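Please read these notes with the structure open beside them. They are meant for someone who has not looked at it before.

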2 protein chains.
Amino acid sequence: MIMHALMRELREEATSKIVLLVADGLGGLPLEPGGKTELESARTANLDACVREGVCGLSIPVFPGITPGSGPGHLALFGYDPLHYRIGRGVLEALGINFPVGPKDVAVRGNFCTVDDTGLITDRRAGRPTTERCVEMCRQLQQIQVPGVEVFVEPVREHRFVVVFRGDDLGDAVNDTDPQQTGHKPLEAKGADKISERTARIVNQFVAEAGRVLKGNSPTNMVTLRGYARYPKIETMQEVYGLRAAALAVYPMYKGLARLVGMDVVDAGSSLDEQIASLRRVWNDFDFFFLHYKYTDSTGEDGNFQAKVESIERLDAAVPNIRALNPDVLIVTGDHSTPSKLRSHSWHPVPVLLWSKTCRPDPVTEFGESYCLRGGLGQFQAMYLLPLAMANAGRLGKFGA
Amino acid sequence: MIMHALMRELREEATSKIVLLVADGLGGLPLEPGGKTELESARTANLDACVREGVCGLSIPVFPGITPGSGPGHLALFGYDPLHYRIGRGVLEALGINFPVGPKDVAVRGNFCTVDDTGLITDRRAGRPTTERCVEMCRQLQQIQVPGVEVFVEPVREHRFVVVFRGDDLGDAVNDTDPQQTGHKPLEAKGADKISERTARIVNQFVAEAGRVLKGNSPTNMVTLRGYARYPKIETMQEVYGLRAAALAVYPMYKGLARLVGMDVVDAGSSLDEQIASLRRVWNDFDFFFLHYKYTDSTGEDGNFQAKVESIERLDAAVPNIRALNPDVLIVTGDHSTPSKLRSHSWHPVPVLLWSKTCRPDPVTEFGESYCLRGGLGQFQAMYLLPLAMANAGRLGKFGA
């Protein structure tokens, strides 16, 4: 990847500190034409103060029209091309339950299902069992041993769980075993290449054992597996950018995503105040700090415009405590938009604020989607934000003589 | 192509309707600094109403500075990278005269020329014959038979005609036979690869026969051939985007371009009113509708600023009839700029208006080049317009988990 090659070539040692504050799903939409977005509606005096001294813009996580999941959204902000580095469903599920997935792992999403006496699926989600039952059934599955690999089974919730196969030479080009309709047996797993054929044999052994172990536990008496994913090969931020990077996140998935790019995951408690207390504690140990704030996304997913506005105002209130640490570069942005109007992630560009002593200030005076349109950063691919941060932190030398 | 791979992966079924209204050569220039462009001068109350609820921007057909022909301009709007998919001159000429060029064809542009008794060219354009004479001479050439292929000869105008060779294993890496100066014989055709060598032999046979057939018809007594082009291999919009696409165009070339990407070419009459009547008639049969409006380009090519303004106003008057069909996404743009000041296609970015219920409205209130500069779409590569349309139509799923 040419951007990474250039970063390795140009990066320079420095003592500067970069803070990346990710308000998940920050971008929004007005409820009606002519109205304001959530961010534009929020009172954000502290962010606006940064905006007046800083430079704004809008980032496009992947390319125009593409709605990213959390994986590609964050990879882009961490300075990785999300089209080049793909994180499979299984790995993301494992990260989401804080399973320490590693380089020898193939992670898979599992579903409990119901089969009749002849093995035909009668309910693909086993009647949506309680999470308690999911935990109990996973305990049954944890007894299963398959020669040649370690097997881990962990509950997610309701009918969902994660299986991780750990061993040498495992592939992830294996078909889903869910036939996608009732009245059929679970499909046999087959591998599309040599290492995946080996994995498929292991999967079939595991599923056969699961059938035996769960027999008599109807409706949760069988499993299907899908979303096989090897641990992705990703150079660390230290290797590419020369940054000692720390993650201060509350939710497991974001800790996991940070770990994928080699960040140190710092114990950051369970609230923004605790995250900032942790930030203060580890301030001298790292160069780059990723703070993740979930509530701008979850309120958007809930379709609660006002709650999203309030979550932004709570974030704004924390900004002075971050600035008090005197970072050289402070970035506030999102990994994607989550307009409460749409109740989901969306493709709309994401507001970006970059504050540093060396940025070129622009005429923007308030933080918001339509104001950022006039910002000095323009609209740009999100993966270029980290090179910009590096430049503003005095960590990039000149390209060419 | 990674964009197409992603579209195939993410596209979802929906019942939404997308209308792409292409005002050919829409972008313009003011006649003097400080003045308004054609679009800015036009009274466009209906388009402006869409602008206020929609999102605007400027598209760059290929990359900055590149003036596209109609082929690359439209391919980009149809969601194809115009640098990746090239349509040769011969095929474009054939499309322009409504010749049904197909996958086994090599299409070639021909010129009548004048040779003396020794075969040396004395006029490369045969004294620019009338189109009537061109038709008559083509009738002579239609007698020619070459073993192993079908040969079609069709007049264009003046000294220009099209030859199509239809057969298996034909190549288009064949040199032009026009020596580019008088006093020389037409060049022998040679092929750069095996299938093109076969084509070159066929071309030489055809040219030799043409010399015999036209002998005594001075000044149109010989031909040169150039711009050999195989029918391009292009995945259809149905294959890439999952869209059932219809073209409603008046002029043959645009019907042909639409056919290249697999659109159904609907009989659309010969005026905008008839096109919209056809649109109404086939509304339930398709997902995507390409309406082509020629007069913004032809008036620009004529250098007639006022006529271009009026052609835009006539287009504006038709907009309510399109909106009455209740499309989910309405896009109004051009395939390139044709400033009447320059009397030609140009490289200037092209105004874009995208209206949908899920777009993020921007502060733009009027349709025009300088207003679009402040638009929410920013400046972007034209090939991303279709992914954006897909997103706004609820036809794209999330990328990554």
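Predicted model: local features only at pLDDT ≥ 70, side-chain atom pairs only at ≥ 80, totals over all residues.

1. Extent of the contact. The size of an interface is often given as the accessible area lost when the parts come together. Here chain B and chain A bury about 2,300 Å² between them, and 69% of that lies on carbon and sulfur atoms. On the chain B side, the residues that lose the most area to chain A are B:R360, B:F399 and B:A401, together 36% of what that side buries. The contact involves 33 residues of chain A and 30 residues of chain B.

2. The interface of chain B and chain A holds 1 salt bridge by the rule used. In a salt bridge, the side chain of A:R86 meets that of B:E9, at 2.6 Å from N to O.

3. Make-up of the chain B side. Two helices of chain B, helix 1 (2–10) and helix 14 (385–392), each supply at least two residues of the side that touches chain A. Helix 1 of chain B gives the largest share of that side, 6 residues. By type, the residues of the side of chain B that touches chain A are 16 nonpolar, 7 polar and 7 charged.

4. A loop residue in chain A. Where does A:D168 lie? A:D168 is in the loop between strand 6 (160–166) and helix 7 (194–214) of chain A. Its relative accessibility is 47%, so A:D168 counts as partly exposed. Leaving aside residues up to four places away in sequence, A:D168 touches A:K104 and A:R198. A:I195 is 27 residues from A:D168 along the chain, and their C-alpha atoms are separated by 9.2 Å.

5. An enclosed helix in chain A. Helix 5 (residues 89–96) of chain A is largely enclosed by the rest of the structure, because 6 of its 8 residues are buried. The buried residues are A:G90, A:V91, A:L92, A:E93, A:A94 and A:L95. Their cover includes helix 4 (70–77), helix 9 (252–260), strand 3 (105–115), strand 5 (150–157), strand 6 and strand 7 (222–230) of chain A. After helix 5 of chain A comes A:N98, with a positive phi near 70 degrees.

Technical notes:
Residues numbered from 1 in each chain as written. Chains lettered and ligands numbered in written order. Heavy atoms only, no water. Contact = heavy atoms within 4.5 Å. Buried area = accessible area lost by both parts, 1.4 Å probe. Salt bridge = Lys/Arg side-chain N within 4 Å of Asp/Glu carboxyl O. Helix = DSSP H or I, 4+ residues; strand = E, 2+ residues; numbered from the N terminus. Nonpolar A, V, L, I, M, F, W, Y, C, P; charged D, E, K, R; others polar. Buried < 20%, exposed > 50% of the residue type's maximum accessible area, 1.4 Å probe, protein only.
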